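Thank you all for coming; I would like to walk you through one structure this morning. Please have a look at the display first, and then we will go through a few places in turn.

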Amino acid sequence: MKILAIDDQQLVLLPLQKRLSELGYEVRIEVDGQKGITAYDTFNPDLVIVDVNMPFVSGLDIVKHIRQSYRAETPIMVLSGNTTDDTITEGFDLGINDYMKKPLSLNEISARVKRLIGAPEVQSMVSASHVVIQERCVGVVIPCYNEEERLLSEEFISYIDKHSGYHLCFVNDGSKDKTLEVLYNLQKGREDFITVYDCEKNGGKAEAVRLGMLHMAKKADLDYIGFLDADLSTDLADFDDLVKTIETSDFKIVSGSRISRMGANITKESARKIISLSINFIIRTILKMDFKDTQCGAKIFRKDVINIAFGKKFVTQWIFDVEIFKRMSQHFGLKQAKTILCEQPLKRWIHADGSKLSMKDSAKIIFQLGEIAWVYRKVKNPSSKETVLQTT
């Protein structure tokens, strides 16, 4: 029994293909609507599963093509994040057989497929799946420098195996140990979900994150892209909460915040806490924003601001987060920037042993903040009354 699945996001199709193939169906996937139509005409599927919102050729266009073809009775299931009444009604008016709204578990999708076209003659015994097909696809950049001993490989693997829609990009920042070897082993067999971006020379965390974010921005099927520390001091489950916030709001950036609060597991070294409070006061003065914690290594971005935030190299190596927010206020204006930036308290943040940032390094941050204030200062344009922003 043959199934054709069409969706412009490969991260949605791959777990679906894997699950239905395990159950004994022959599955073909396409990430382009026009190619999906061609595949339908040549593959002759017993069932078509299609998304609605796709560029150029929409899912409803594909439905129309099928219903006007010589195999017009082919069952069609829509799997989409579009939940508007008009779209759903139009789908059924065109002759679809089922409409499945994302997010949806693979178990439910499999049950609906079996109800609609039956089970394959030769069925495989497979256990229930814990994977949920999400409405959005997310890229996560993880900078790595000498992380051979600290990299929590099993936690990363377990998360992407259970959560569809995530693509991890590990950036090796010129590590001198076996980090790169560990990363390639982590990627093996999961190339569609894990990218390894290798920087031969160590350029610092700021440049590693910047290159990783720009690289991931080229992937058309990603809705949001963020970055996360390799030690998982903020875990992936908490990072997913940041994603849920940005996808249900108009924010352009959602930044994690390590604010101690009831019900949260937040731990810091006492000396670091004192330094952090002093540095945060300076940062708020520079940004003219009431940020409680700009330096948390967990942030998620809409793709339309990636080039604004990461297009140019950062002035500083460690506190590039401050530069990101400064660039946003320069581009959009301070008033608008405050409406599109969100700071969200984390449920968990644990200081990990072996942190690369020493107490001596923390003292250097004061000097780097002075650099940021100078480079991103406001200066008067001598030829006009307008104020321009100096960024060079």
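Which residues in H6 meet which residues in H9? Before I answer, a word on what you are looking at: this is a predicted model, in which local features need pLDDT of at least 70 and side-chain atom pairs count only at pLDDT 80 or more, while totals for chains, interfaces and linings use all residues. Residues are numbered from 1 along each chain as its sequence is written, and side-chain values use heavy atoms, with hydrogens and water left out. When I speak of helices (H or I, at least four residues) and strands (E, at least two), I mean DSSP runs, numbered from the N terminus.

Now to the answer: Glu155, Phe156 and Tyr159 in H6 meet Leu236, Ala237 and Asp240 in H9, where contact means heavy atoms within 4.5 Å. Two packed helices are described by the angle between their axes and the distance between the axes. Here H6 and H9, the latter being residues 236-247, pack at an angle of about 45° with their axes 11 Å apart; the axes are lines fitted to C-alpha atoms, for helices over the stretch in contact, and angles run from 0 to 180 degrees between N-to-C directions. That makes H6 oblique to H9, given that angles under 35 degrees count as roughly parallel, over 145 as roughly antiparallel, 65 to 115 as roughly perpendicular and the rest as oblique. By class, this contact of H6 with H9 has 4 nonpolar, no polar and 2 charged residues, with Ala, Val, Leu, Ile, Met, Phe, Trp, Tyr, Cys and Pro counted as nonpolar, Asp, Glu, Lys and Arg as charged, and the others, Gly among them, as polar.

Let me turn to H1, which we will meet several times. The axes of H1 and helix H5 (residues 106-117) come within 11 Å and cross at roughly 55°, and H1 and H5 are therefore oblique to each other. H1 passes H5 in a right-handed crossing, a term used if the near helix is turned clockwise from the far one by less than a right angle, with anticlockwise being left-handed. In this contact, Pro15, Leu16, Arg19 and Leu20 of H1 meet Leu106, Asn107, Ile109, Ser110 and Val113 of H5.

H1 also takes part in the lining of the largest cavity, along with strand S3 (47-50), these being the elements that give two or more residues to it. About 30 Å³ of space lies in that cavity, and its lining consists of Ile6, Asp7, Leu13, Leu16, Ile49, Val50, Asp51 and Leu79. On a 1 Å grid over the protein atoms alone, a cavity is a set of points where a 1.4 Å probe fits but cannot get out, whereas a pocket is an open set with protein on both sides within 12 Å along at least five of seven lines, and lining residues have an atom within 4 Å of a point. Grid points are joined across faces, edges and corners, and a volume is the space filled by probe spheres set on the points.

How much space lies in the second largest pocket? The volume there is about 450 Å³, and of the 21 residues that line this pocket, the closest to its centre are Pro15, Lys18, Val131, Ile160 and Asp161. H1 (10-22) and H6 (153-162) each supply at least two residues of this lining, and the largest share, 5 residues, comes from H1.

Finally, two local details of the backbone. A cis peptide bond, with omega about 0°, joins Lys102 and Pro103, and Pro103 is found in the loop between strand S5 (98-101) and strand S6 (104-105).
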